[in-house]
Every structure is written in C-alpha cells, then in structure tokens.
Amino acid sequence: MRLNKENKMSRIFKGALIAAAAALVVAGGVSVAFGQATDHPADKPLVVGSDFGVAPWMVRGTNGPEGFGVDLMNELARRLGRPSVEIVDINFSGLFAALFAKRFEFTANPLNITAERAERMLYTEPFFATGNGFLIRTADEMKGFEDLKGKQLAVNRGTISDTWATANAEKYGFEVQRYDTFPDSVQAVITKRAFTALNEIPTAVFAASQNKAVKVGFNDFNGRNFGYAFRLESTPYRNTVEGAIECMKKDGTLVKMYEKWYGSKPDAASSINTIFPGYGAPDFKNYDPKPHELACK
C-alpha cells in the first residue's frame with residue numbers, strides 16, 4: 001500500500017473517465033451505473049480518506065500505514081474486488097470537504113454517526129461502539145465531569161470530541177484547547193498545558209497503553225457508534241460496501257481485527273457483532289429499513 005497526498009489525487013480519477021464511457025446511458029440523463037463506474041472504478045485502487053495519528057486505528061508504520069482501520073480497508077478492497085488500497089492522509093478538519101470534492105470514495109477514519117452529519121452524507125450501519133475517553137497524567141485523578149472545572153481540555157480540532165467540548169465548556173467550567181492531531185493534544189497533557197485530552201474511548205485506552213505518562217481518567221460510555229461516510233449520490237455503492245461489512249461481522253473478521261489491535265474482546269452486544277436490517281444507520285436520515293439478503297463469498 002502506498003500513501004498519497006492530496007495534490008496527487010486528481011490523477012487517480014482521470015483514468016476512471018475511460019471506464020465510465022462504457023457505462024449504461026438511459027433516456028433523460030446518465031444512469032446510476034455511469035456515476036458509480038466513474039467514481040468507483042473496479043480496476044483501480046480503492047481510494048479512501050483518513051486522519052492519521054489515531055492509534056491503533058490508523059498510524060504511520062515503518063512500512064506505511066497500519067492499524068485496525070488499515071486492515072479493515074485492505075479486507076474491504078479484497079471483498080469488493082479492488083486491486084489495492086490508497087489512503088489519503090488529511091487532517092480531520094478538511095475531511096468532509098475532500099469527500100464532497102471526490103478526492104476519495106469514502107471516509108476511512110473512526111467517524112461518529114451524528115444527526116447533523118447524516119443531513120449531508122450517507123452512513124453505513126454502525127460497526128464500532130465508542131464514547132468519550134479522558135486522558136490525564138498518571139499522577140492526576142478524574143472521577144467525573146465535575147473535575148474539569150477551571151481546567152484545560154485538549155481536543156483534536158473538528159472532531160466529535162471538539163463538538164462535545166464546545167457544547168459543554170460553560171456547563172462544566174473548563175477551557176478548550178484545539179490541536180490539529182490527537183498526538184498533539186496528548187502532548188499538551190504530558191507537558192501540563194492541558195489537564196486532559198478528550199478522544200474516543202478505544203483511542204484513549206490504546207494511547208494510555210503505549211505511554212506510561214498518561215492514563216484514562218474517566219470513560220463516558222454514551223451510545224455513540226462509528227460508521228463510514230459517503231456522498232449523498234453514492235447510495236448503491238454505500239450499500240455494496242455495507243454488505244461487505246455485514247459479511248465481516250457475520251464471519252467474525254471484525255472481531256478478530258479488534259482483538260488484534262485493541263488486545264481485548266469487544267462487548268457481545270457491541271455494534272461490531274450486530275448486523276442491522278436495511279442499509280445505513282438506524283434512526284438517522286437516509287436510513288433504508290428494507291431488509292436484504294447477505295451475499296457473502
């Protein structure tokens with residue numbers, strides 16, 4: 001796998017125009033098949049976008065990107081019949097703009113499913129449960145939200161953690177510090193510029209396991225879930241990718257990946273084990289509840 005920067009992305013889609021010429025054109029406009037062949041050419045690498053530095057989901061390893069999300073992308077590409085994977089490394093704050101600009105096919109980072117985002121994009125069904133994880137220095141203590149009063153909370157700019165912090169800063173009396181990457185927010189805690197760094201629970205747990213200077217002070221399990229996001233016009237393709245994810249749930253592939261990268265078993269009732277009816281995220285906009293049969297190979 002090779003890592004592409006944003007300035008290389010235009011080359012990826014030029015070749016897709018040739019494949020699109022063979023797609024079906026119907027009276028009154030271009031068919032769905034045409035758009036799908038253009039944006040998701042079967043003979044080209046699967047191109048996805050992610051914010052790097054969120055361990056163990058996606059980080060820079062010795063031989064390129066590695067992590068739970070990378071393994072998942074490689075397996076998805078195999079099941080979709082794509083020859084390889086290319087991951088666009090982009091800060092989270094620019095992720096959605098890049099998706100809408102067709103710089104990649106769908107998001108590959110740990111992305112929370114929210115009502116506001118569901119207005120602008122399509123989600124797959126949930127496949128990873130999460131919540132708020134508060135990292136603090138090993139010598140400090142945090143028993144709950146009340147311990148944030150008068151302190152600094154560091155977040156990765158533009159994430160759901162940033163949204164939560166912005167909405168709750170006045171309520172709990174803390175100051176928000178925003179950083180472009182999660183490692184930067186952790187470093188703020190280590191160097192005592194911030195009391196805590198807020199991120200997803202699995203990410204916070206892993207970070208603490210890798211650095212003895214920090215620990216998880218408090219976990220807020222709040223029912224959030226990760227899903228992959230697509231452009232609104234990509235319904236058939238979203239459904240195809242979701243079908244592959246459902247098959248990975250059914251045969252235990254996702255659980256094995258979780259155990260490999262997080263070092264423990266997921267909860268039996270987690271969305272990583274649950275195949276939802278229909279397509280998309282239940283209770284969110286653009287969810288299609290119509291049941292479908294799995295076509296696992």
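The expected span of a helix is 1.5 Å times one less than its number of residues. In this predicted model, helix α4 has 13 residues and reaches 18 Å from its first C-alpha to its last, which is close to the 18 Å expected at 1.5 Å a residue.

**Helix α4 itself**
- Among the residues of α4, Phe68, Gly69, Val70, Leu72, Met73, Glu75, Leu76 and Ala77 are buried.
- Gly81, which comes just after α4, takes a positive phi of about 80 degrees.

**How α4 packs with α10**
- Helix α4, made of residues 68-80, packs with helix α10, made of residues 235-250, at an angle of about 110 degrees, and their axes lie 10 Å apart.
- Because angles of 65 to 115 degrees count as roughly perpendicular, α4 is described as roughly perpendicular to α10.
- The crossing in which α4 passes α10 is right-handed.
- On the α4 side the contact is made by Leu72, Glu75, Leu76, Arg79 and Leu80, while α10 contributes Tyr237, Thr240, Val241, Ala244, Ile245, Cys247 and Met248.
- Sorted by class, this contact of α4 with α10 has nine nonpolar residues, one polar residue and two charged residues.

**The surroundings of Leu198**
- Leu198 is placed in strand β13, which covers residues 196-200.
- Leu198 has a relative accessible area of 0%, and therefore counts as buried.
- Leaving aside residues up to four places away in sequence, Leu198 touches Asn132, Gly133, Phe134, Leu153, Ala154, Val155, Ser161 and Trp164.
- Although Leu198 and Ile160 are 38 residues apart in sequence, they are 9.7 Å apart in space, C-alpha to C-alpha.

Note on methods
Residues numbered from 1 in each chain as written. Predicted model: local features only at pLDDT ≥ 70, side-chain atom pairs only at ≥ 80, totals over all residues. Heavy atoms only, no water. Axes fitted to C-alpha atoms, helices over the stretch in contact; angles between N-to-C directions. Helix = DSSP H or I, 4+ residues; strand = E, 2+ residues; numbered from the N terminus. Parallel < 35°, antiparallel > 145°, perpendicular 65-115°, else oblique. Left-handed = near helix turned anticlockwise from the far one by under 90°. Contact = heavy atoms within 4.5 Å. Nonpolar A, V, L, I, M, F, W, Y, C, P; charged D, E, K, R; others polar. Buried < 20%, exposed > 50% of the residue type's maximum accessible area, 1.4 Å probe, protein only.
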